[in-house]
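Please look over the structure below. Then read the short report on its fold, its core and its backbone details.

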Amino acid sequence: MKIFTHIVLPFAFLFLPLTGTPALFASSGEQGHSVHWGYEGEYGPDHWGDIKSEYSRCKGGQQQSPVGIALTEKAELDKINVHYYNTPLRIINNGHTIQINYAKGSTITIGNNNYELLQFHFHSPSEHKLNGSTYDMELHLVHKGEDGKLAVVGILMQEGKTNDFIKTLWNNLPAEAGKERSVAEVKINASQILPQNMAYYTYSGSLTVPPCNEIVTWYVLKTPIEVSKAQIEKFTSLIKKSARPIKPLYGRVVRESN
Ligand SMILES: [Zn+2]
């Protein structure tokens, strides 16, 4: 399960923030030794590929994410069909992000491919850039296909109205980092955070955190959603910078649905 650091279930890894240091300490039971990575300084994105051999793609990979989306190719692409069910809220501050783990059974279908929703989480500022612009935050809905590959739906978030869905999440944040909070009486449905228009940009890329595996088909929605200034600040007060800089396309084409 090492390759799924970005999406692992909470019992697989325990992230413990070390106050006063830019990097974070992650202890892996499988490996029996500690691994550091963060967003600044000596453990920041420029150094991820040198931290350990399993992270080498972060440095050498040519299908890395995020990217700047500007030049695109319009195409007749399959719609994203969403089948999300209500799930009891399970939320964790894992030191790198706030993540909500989803119960089994919620899926998206794109053409003939089915992908199960595993979790969603946030970055601030946005990781993808759109026509040169960085947004305040970005939401990633992480889905896994039958072949083990991932389909991640990225939604850009800009400052605006209070977002009721985010309000529910932020009202139930765990007091302690590193521990999942299970709130059985609060049911959420991730379909409530989706914009009405699900048109998207798509390209082949990677996890945006170590080990940067190139197993992700990205679907970045063209329509951003709104979130209030206070809601953005709530996130950034807990999770400081959490965005990897954009990576070169190396000849990859970004396609755009209608
Ligand atoms: Zn992400």
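The report starts with the overall fold and ends with single residues.

## Overall fold

This is a predicted model. The protein has 4 helices and 18 strands. Of its 258 residues, 40% are buried. Consider the contacts with a separation of 6 or more: 64% of them are between residues 24 or more positions apart.

## The nonpolar core

The largest nonpolar core holds 55 residues. Leu141, Val152 and Met157 have the most contacts inside it. Strand S13, residues 150-159, gives the most to this core, with 7 residues. In soluble globular proteins, nonpolar side chains tend to be buried together.

Now take Leu141. Neighbours within four places in sequence are left aside here. Leu141 is then in contact with Leu117, Phe120, Val152, Val153 and Ala190.

## Helix H4

Helix H4 spans residues 229-238. Its residues Gln231, Ile232 and Phe235 are buried. They lie on the same side of H4 because they cover an arc of only 100° around the axis. Lys229, Ala230 and Ser237 are exposed on the other side of H4.

What do the buried residues of H4 pack against? Their partners include four strands listed here by name: S8 (98-101), S10 (113-123), S12 (137-145) and S13. Helix H3 (164-171) and strand S17 (225-227) are also packed against.

## Cis peptide bonds

Ser65 and Pro66 are joined by a cis peptide bond, with omega about 0°. Pro66 sits in the loop between helix H2 (57-60) and strand S4 (68-69).

Another cis peptide bond joins Ser124 and Pro125. Here omega is about -10°. The loop that holds Pro125 runs between S10 and strand S11 (129-130).

## Positive phi

Asn131 is not a glycine, yet its phi is positive, near 50°. The residue lies in the loop between S11 and S12. Is Asn131 buried or exposed? Asn131 has 9 other C-beta atoms within 10 Å, so it is exposed; the cut-off for exposed is 12 or fewer.

Cys212 also has a positive phi, near 60°. Its loop lies between strand S15 (200-205) and strand S16 (216-221). Cys212 counts as buried because it has 30 C-beta neighbours inside 10 Å. The cut-off for buried is 20 or more.

Key. Residues are numbered from 1 along each chain as its sequence is written. This is a predicted model: local features need pLDDT of at least 70, side-chain atom pairs count only at pLDDT 80 or more; totals for chains, interfaces and linings use all residues. A nonpolar core is a set of buried Ala, Val, Leu, Ile, Met, Phe, Trp, Tyr and Cys residues joined through C-beta atoms within 7 Å. Helices (H or I, at least four residues) and strands (E, at least two) are DSSP runs, numbered from the N terminus. Two residues are in contact if their C-beta atoms, placed from the backbone, lie within 7 Å. The arc is that of the directions from the helix axis to the C-beta atoms.
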